[in-house]
Amino acid sequence: MDNLHDHLQAAVDLELWTIPFYMSAMYSIKDRESDAYQLIRTIINQEMLHLQCAANMANAYGLSPKITPPVYSGTKIPHLDFALDPSADTEPYMPYTAEIGPLDLLHINGMCLVELPEFGVSKKEIALQTAINEYGTIGEFYDALRFGAKLLKSKIKGGVRQVDFFSAFYRNMPNMIVTHSGAPGFDQVSLLIDLITDQGEGQCKKDPTVPKVFQNTADDIEPDSDHFVKFNQIKDAGGSDGSKLPETYPVKPVSDYTEQDKQLQRILIKQFGQLTQSMEGLFKGDNPANFFPAMASVGGAIKNCWEHGVTPQFSQATQQ
């Protein structure tokens, strides 16, 4: 159970990590009507859903997940090691960065790698690791999580601190919470894992079309396309050197930051910290009144940073 809890917390950490990374790239785009902006927006909405799913699964197994501001540094993406993947699969997306920045070739490469499918790997060949930092793709990670969850399905308790903000956007989805205990509860857990992987996070499949049960029925411009397909669509449209990507706000060198610029970063760090605290309270069963206002303020603060030529930051550990 301790190992399963580690993996459940890792799922929460990884899903949370993608949200500021993708949001920063999206808000750096000047034209909000561009295809790239709209596609990334749909992915961010689904990453919020995936975070909710991961937290609901954790609570079903007795873990109240921690929601901690991620650190963005170098090429490190939590719990993933792309060196474990075949080089032929990762080479088209090299080099990449895991640092916060505008939509450019390095960042779109990083997004593609996060969503990299399990190309050519059969389920029997996937190593189910006990160390949470030894997975080549998110798909492999969730295979291991499903494996452990099934072994411990008798420990599932349904209806424990379950959150559902997205049902109105997924009319074909039977349930987004774990309401049953034991084996019936595992069927619901497995469905949530399928939702995450089929929407684009590493699922190995010949047909990349998202099954109708997992398609957004409300506001997705391409509901049948998974994340990997959408990010590759942006990458391909941007050209081999990224020169055709949408125009982004110009960024100042850190050496040119004024005190006002640094204050914009501090405001975002504070607001994102408040948001993560609200999220943690939400998944603990509280009803934080400031959840939706905090979410809106974070988006505005990111955009405000870019409009002043300042790279957004989300924790003191990486503030420039």
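A salt bridge is a side-chain nitrogen of Lys or Arg within 4 Å of a carboxyl oxygen of Asp or Glu. The views below are close-ups of a predicted model.

**View 1. Glu280 and Lys284 are joined by a salt bridge.** The closest N and O atoms of Glu280 and Lys284 are 3.3 Å apart, and this pair qualifies because the cut-off is 4 Å. Glu280 is buried, at 16% relative accessibility, whereas Lys284 is partly exposed, at 38%. In the whole structure, a search finds 8 salt bridges.

**View 2. A salt bridge connects the side chains of Glu259 and Arg266.** The N to O distance in this pair is 2.3 Å. Arg266 has a relative accessibility of 29% and therefore counts as partly exposed.

View 3. Lys303 is partly exposed, with a relative accessibility of 24%. Glu307 is likewise partly exposed, with a relative accessible area of 41%.

**View 4. Phe21 pairs with the aromatic rings of Tyr22 and Tyr72.** The structure holds 12 aromatic pairs. Phe21 and Tyr22 form a tilted pair, with 6.2 Å from centre to centre and 55° between the planes. Both Phe21 and Tyr22 are buried. The pair of Phe21 and Tyr72 is stacked, with 6.4 Å from centre to centre and 10° between the planes. The angle of 10° counts as stacked because planes under 30 degrees apart fall in that class. Phe21 lies in helix H1 (residues 2-27), and Tyr72 lies in the loop between helix H2 (35-60) and helix H3 (87-90), so the pair ties together parts that are 51 residues apart in sequence. Tyr72 is buried, as is Phe21.

**View 5. Ring pairs link aromatic residues into a cluster.** The members are Trp17, Phe21, Tyr22, Tyr72, Phe231, Phe272 and Phe314. Among the pairs in the structure is the stacked pair of Phe21 and Tyr72.

**View 6. His107 is a buried residue of helix H4.** Helix H4 comprises residues 105-114. The relative accessible area of His107 is 6%, and the residue is classed as buried because this value is under 20%. The side chain of His107 makes a polar contact of 2.7 Å with the side chain of Asp104. Not counting residues up to four places away in sequence, His107 touches Phe21, Thr97, Glu99, Ile100, Gly101 and Pro102. Phe21, one of these contacts, also belongs to the cluster of linked aromatic rings.

**View 7. Ala83 is an exposed residue in the loop between H2 and H3.** Its relative accessible area is 68%. Ala83 and Gly136 are 53 residues apart in sequence, and their C-alpha atoms are 7.0 Å apart in space.

Technical notes. Residues are numbered from 1 along each chain as its sequence is written. This is a predicted model: local features need pLDDT of at least 70, side-chain atom pairs count only at pLDDT 80 or more; totals for chains, interfaces and linings use all residues. Side-chain values use heavy atoms; hydrogens and water are left out. Buried means under 20% relative accessible area, exposed over 50%, partly exposed in between (1.4 Å probe, protein chains only). Rings of Phe, Tyr and Trp (its six-membered ring) pair if their centres lie within 6.5 Å; planes under 30 degrees apart count as stacked, over 60 as edge-to-face and the rest as tilted. Helices (H or I, at least four residues) and strands (E, at least two) are DSSP runs, numbered from the N terminus. A polar contact is a pair of N or O atoms within 3.5 Å; within protein, one must be able to donate a hydrogen and the other to accept it, and residues adjacent in sequence count only if both atoms are side-chain atoms. Contact means heavy atoms within 4.5 Å.
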